[in-house]
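Student: I have a new structure to read. Where do we begin?

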Amino acid sequence: MAEICDVCGEPLDEDNVSRCLICGGKFHMAWSIDAPVKNCGQAWFDERYCSLGFICTPCINENPQLRRSLIETGGTLP
Ligand SMILES: [Zn+2]
Ligand SMILES: [Zn+2]
């Protein structure tokens with residue numbers, strides 16, 4: 001019954017999951033440095049609404065203009 005990541009097709013666990021702002025798909029997003037999960041998307045800061053969201057890698061690739069607002073996590077989430 002495990003849910004599947006819309007990006008890589010592998011099972012999601014309950015904790016390290018985000019929902020994409022653009023396509024609405026769920027994908028892997030590690031919420032702690034130690035989480036044994038790769039990131040299939042990135043945190044993104046919406047300058048118009050001053051809000052934080054998440055976008056999956058395929059949507060970033062389709063919308064290169066989003067890249068300048070991406071937040072570099074690099075495995076250093078607080
Ligand atoms: Zn994934
Ligand atoms: Zn997406």
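Tutor: Start with a definition: two strands pair if DSSP finds at least two bridges between them. Strands (E, at least two residues) and helices (H or I, at least four) are DSSP runs, numbered from the N terminus. This is a predicted model: local features need pLDDT of at least 70, side-chain atom pairs count only at pLDDT 80 or more, and totals for chains, interfaces and linings use all residues. Residues are numbered from 1 along each chain as its sequence is written, and chains are lettered from A and ligands numbered from 1 in the order in which they are written.

Student: In what order do the elements of the chain run from the N terminus?

Tutor: The chain has one helix and four strands. From the N terminus, the order is β-β-β-β-α.

Student: Over how many bridges do strand 3 and strand 4 pair?

Tutor: Gly41 has Cys56 in strand 4 as its bridge partner. The two strands, strand 3 and strand 4, are antiparallel, and their bridges number six.

Student: Which residue in this hairpin takes a positive phi?

Tutor: Most residues other than glycine have a negative phi. The hairpin has four residues between its strands. The one with a phi near 50 degrees is Cys50.

Student: Is Cys50 buried or exposed?

Tutor: Buried takes 20 or more other C-beta atoms within 10 Å of a residue's own, exposed 12 or fewer, partly exposed in between; C-beta atoms are placed from the backbone. Cys50 has 7 such neighbours, so Cys50 counts as exposed.
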